[in-house]
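Let's take a walk along the place where two chains meet. Have a look at the picture first, and then we'll go through it piece by piece.

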Protein chains: 2
Amino acid sequence: MRKISNKEEVEQFLNEIDIFLLDCDGVLWRGDEVIPDIIDTLKLLRSRNKRIFFVTNNASKSRKSYQKKFSSLGIDCDYHEILNSSFAAAWYLQDIGFKKRVYVIGQDGITEELREVGIESYGGSEDVNKPFDYATFAKNFKAPEDVGAVVIGIDDKFNNYKLATGTHLLRTDPNILFVATNTDACLPYSGGFDFPGAGAFVTSLATASGRQPDMICGKPSQLLLNYVVNKFDLKDRSRVCMVGDRTDTDMLMGNQGNTHTLLVLTGVAKEKDLDTLTDKDQIPKTLIASFGDLYSLTK
Amino acid sequence: MRKISNKEEVEQFLNEIDIFLLDCDGVLWRGDEVIPDIIDTLKLLRSRNKRIFFVTNNASKSRKSYQKKFSSLGIDCDYHEILNSSFAAAWYLQDIGFKKRVYVIGQDGITEELREVGIESYGGSEDVNKPFDYATFAKNFKAPEDVGAVVIGIDDKFNNYKLATGTHLLRTDPNILFVATNTDACLPYSGGFDFPGAGAFVTSLATASGRQPDMICGKPSQLLLNYVVNKFDLKDRSRVCMVGDRTDTDMLMGNQGNTHTLLVLTGVAKEKDLDTLTDKDQIPKTLIASFGDLYSLTK
């Protein structure tokens, strides 16, 4: 594992990489605060004609909505450069030629991305205020014939109506796909809070339905990496670099996908954590204190 | 494994057993329908001076509320004879000398049983209609100093407010106990429905908090069996019989607790399932088609 700590090392690194896949939280910002020198680093990369993609497991928003967060923090990007896990779920279904309807347990990001690829869905925010009791549910429940998948992600309005609906769909028809946007256990929040992440809802549905997800779309799955590789017909994955603050998702996805991997220390992982890693696929190829150093070290 | 199929076998069996621990759903009733000859069987056992306990993982009600279900189905019992998993959770905390307050994710059964043993709780049905968003929650959340446990069970009004509260309590203080009433994946309901069971909520909290339950109180845990054994100072557990319709909870608890075990075929398990059981602790010592046969075969 090499470390980047001076201008020459930055230049050598930039010469090796054409495409940057950037995790967002902990790499570009923390909460609502942009990490120092990030905006100048992104400008530097664009001035060197590097391709940039923002790869995040956040499925609460669509790419178009997420773009507004980027703008509000002063980061310019095209929404096509954002690859989040609600987009990943929609792209996955489109890629397998899925033609049916989707039941959504999650937020608007999933519904909107499905619509973008022409897949009809129901549930989601429509079911936020649905009352629930066993007798009424059992009396009224009927699985629509055209449902082919349950897509589930982080849901700040999770309830029993949605859980029971997903459970019954998956239990009554083994052909209905169980698709998870991601399985992050928690959602880091400002003030040291960790809120329940998508994984908390996915495991609930998995337990109740007696099934495991047929597909988990976000990191560390190879889905989004394969999307980029296919889109640009990349022969040499070593010229792609996955940049992230977590070894168990970001580094794992990159290393298993044979890309370069760059760990930053502005988020979850600390340098001392690397000494105790037993899974070699989680060890970054390169280490840098902050992604902003790519700019600050070259000033 | 022996089978009971005539009057002599019934008499021999009755001579061997002093205390009956009876699972309810699938043994005594299915949905709201009592299984034939059950009421006469219970009368027969009482006329022979057998002790009877009703051992169920249902934690939605307290024993006193649950007794009303028994009465409505024509089954007389004292509420002390009902050992359900909300009682088990309360008894467990009392038994370890717990003196703090409990946060409840679940229904009134838990709150009421805790009150019976003098343990104060909050949450539960008070938190059913609490709105939830990340910012407000993070701003207002403060773990009360006197909280010592989160008790979670089946919850037909589960929501993010309760999940986030439990998650933060368990994450911020490793001394706060994580107690699950039970971990049944689903709640069988009439019409072939399987609703999400306690396990669906417990796994959600386990994922979000990054912790596993410190105690799971219901079957197949030995907690309720030990309660009975200690209460009656039983030296000879072979004179206790666990009766149930499930091999993975009822038979497992009994066999691991060195009691006699009787499987009935009026619920979940079918006779052919026994051929494929790999866990010998799940194999019943004795088999009978229906618990009602104890009466009908002796007529």
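Between chain B and chain A there are 2 salt bridges, in what is, keep in mind, a predicted model. One salt bridge pairs A:Asp194 with B:Arg171, whose closest N and O atoms sit 3.5 Å apart. Polar contacts join in too: 15 residue pairs make them between chain B and chain A, counting pairs with both residues at pLDDT 80 or more.

The largest share belongs to H8(B), with 7 residues. Sort that side of chain B by class and you get 20 nonpolar, 9 polar and 5 charged residues.

Now for the area. Chain B and chain A bury about 2,900 Å² between them, and carbon and sulfur atoms give 65% of that. On the chain B side, B:Tyr134, B:Phe193 and B:Phe195 lose the most area to chain A, together accounting for 22% of what that side buries.

Finally, how do the two copies relate? Turn chain B by 180°, with a shift of 0.0 Å along the axis, and it can be laid on chain A with an RMSD of 0.1 Å. That is the relation of a two-fold axis. The same surface serves both copies, as 100% of the contact residues of chain B recur in chain A. In numbers, 34 residues of chain B are in contact with 34 residues of chain A.

Note on methods:
Residues are numbered from 1 along each chain as its sequence is written. Chains are lettered from A and ligands numbered from 1 in the order in which they are written. This is a predicted model: local features need pLDDT of at least 70, side-chain atom pairs count only at pLDDT 80 or more; totals for chains, interfaces and linings use all residues. Side-chain values use heavy atoms; hydrogens and water are left out. Copies are superposed by least squares on the C-alpha atoms of residues with pLDDT of at least 70 in both. Contact means heavy atoms within 4.5 Å. Buried area is the accessible area (1.4 Å probe) that two parts lose on being put together, summed over both. A salt bridge is a side-chain nitrogen of Lys or Arg within 4 Å of a carboxyl oxygen of Asp or Glu. A polar contact is a pair of N or O atoms within 3.5 Å; within protein, one must be able to donate a hydrogen and the other to accept it, and residues adjacent in sequence count only if both atoms are side-chain atoms. Helices (H or I, at least four residues) and strands (E, at least two) are DSSP runs, numbered from the N terminus. Ala, Val, Leu, Ile, Met, Phe, Trp, Tyr, Cys and Pro count as nonpolar, Asp, Glu, Lys and Arg as charged, and the others, Gly among them, as polar.
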